[in-house]
Amino acid sequence: VFQLTDGWRYQEGVKNGSHDYTQTRMHFAKWDKQFDMSAFKFTRTNEDMFKNAYQMMNVAQLKENIDSLSKTQGKYFINVGAQMSSYITYNNKNKDGDKINKALTQNSPVQHIYDSTFLKRVPDSLRPVVLQTAMNNVRNFKSLLDVSALSKKLDTENYLKYAVEFHRKFTLSFACILLFLIGAPLGAIIRKGGLGMPLVIAVVFFMIFHILNITGEKLAKSAALPPWGGMWLSTAILFPLAVWLIIAARNDSQIFTKEWYVRLWRAVKKVVPEKKNQVA
């Protein structure tokens, strides 16, 4: 409600559903202008719309779907073999030629892998029928293979999504512990006070982890790496670094102090000329 006092209202005239080019001016001492805000009302989305999404499943549900998709993928080769059996059989050249000709003239759906002399034994009048029937069966079989290949591709993508989400349940939990193992030694090693330098280094490590995590997930979803390898890539790379930082903090290392690098550079400068003299 918008409360107004001592003002003027302007209203355009409407006649028969259209403006009649008139305007009315009205003075008011107090006017409560109401705005309909129902469009901005918070509405909760129905949970049933997303309950079957792989992101909303728990570990047990993800494992069940992964097992189901794994069994389905193993059956594609069997199904393709069953589809081939209805199109391809072997022909014995010693069979009765009349039976072969009868099967061809009746456009039998069962075709043959013929030997090299088969076409020579087929009458000229039947050769166009043989070739056309064989081409039709090849097209039909190719369509079946395309459908099977598309189904296998979709099932593989779903399998990778479920597997990636399954490992994400564990990698994110372990990542929290890993980043703590990195951050705690950093706080003890960095000598400079305040929040500036520790915060910058912490953000750098977090960005490294995030980049590695996104890269591993994309590699896993594209099947360039197995799902477990892609999702555990970032933690596998940063875990040795966390162990090294813990050891450095325990030994009171000075790896983040300026003086340590200055002494290291001076030591290198002393060694390099000696090597050059030895070579000369």
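Predicted model: local features only at pLDDT ≥ 70, side-chain atom pairs only at ≥ 80, totals over all residues.
Let me begin with Phe166, which is buried because its relative accessible area is 18%, where buried means under 20% relative accessible area, exposed means over 50% and partly exposed lies in between, with a 1.4 Å probe and protein chains only. Residues are numbered from 1 along each chain as its sequence is written, and side-chain values use heavy atoms, with hydrogens and water left out.

Phe170, with a relative accessible area of 40%, is partly exposed.

What do the aromatic rings do here? By the rule that rings of Phe, Tyr and Trp (its six-membered ring) pair if their centres lie within 6.5 Å, with planes under 30 degrees apart counted as stacked, over 60 as edge-to-face and the rest as tilted, the count comes to four aromatic pairs. The ring centres of Phe166 and Phe170 are 5.5 Å apart and their planes stand at 65°, so this pair is edge-to-face.

Phe174 and Phe239 form a tilted aromatic pair, 6.2 Å centre to centre with 40° between the planes. Since Phe174 lies in helix H5 and Phe239 in helix H8, the pair ties together parts that are 65 residues apart in sequence. Together with Trp232, Phe174 and Phe239 form one aromatic cluster.

Also in helix H5, which covers residues 127-189, is Glu165, and at 7% relative accessibility this residue counts as buried. Leaving aside neighbours within four places in sequence, Glu165 is in contact (heavy atoms within 4.5 Å) with Tyr54, Gln55 and Leu62.

Finally, helix H6, residues 196-221, holds Ile211. The 26 residues of H6 should span 38 Å at 1.5 Å a residue, and the end C-alpha atoms are 38 Å apart, which agrees; the expected span is 1.5 Å times one less than the number of residues. Among the buried residues of H6 are Phe205, Phe209 and Leu212, and the buried residues of this helix pack against H5, helix H7 (227-231) and helix H8 (233-250). Just after H6, Ala223 takes a positive phi of about 65°.

Terms used:
Helix = DSSP H or I, 4+ residues; strand = E, 2+ residues; numbered from the N terminus.
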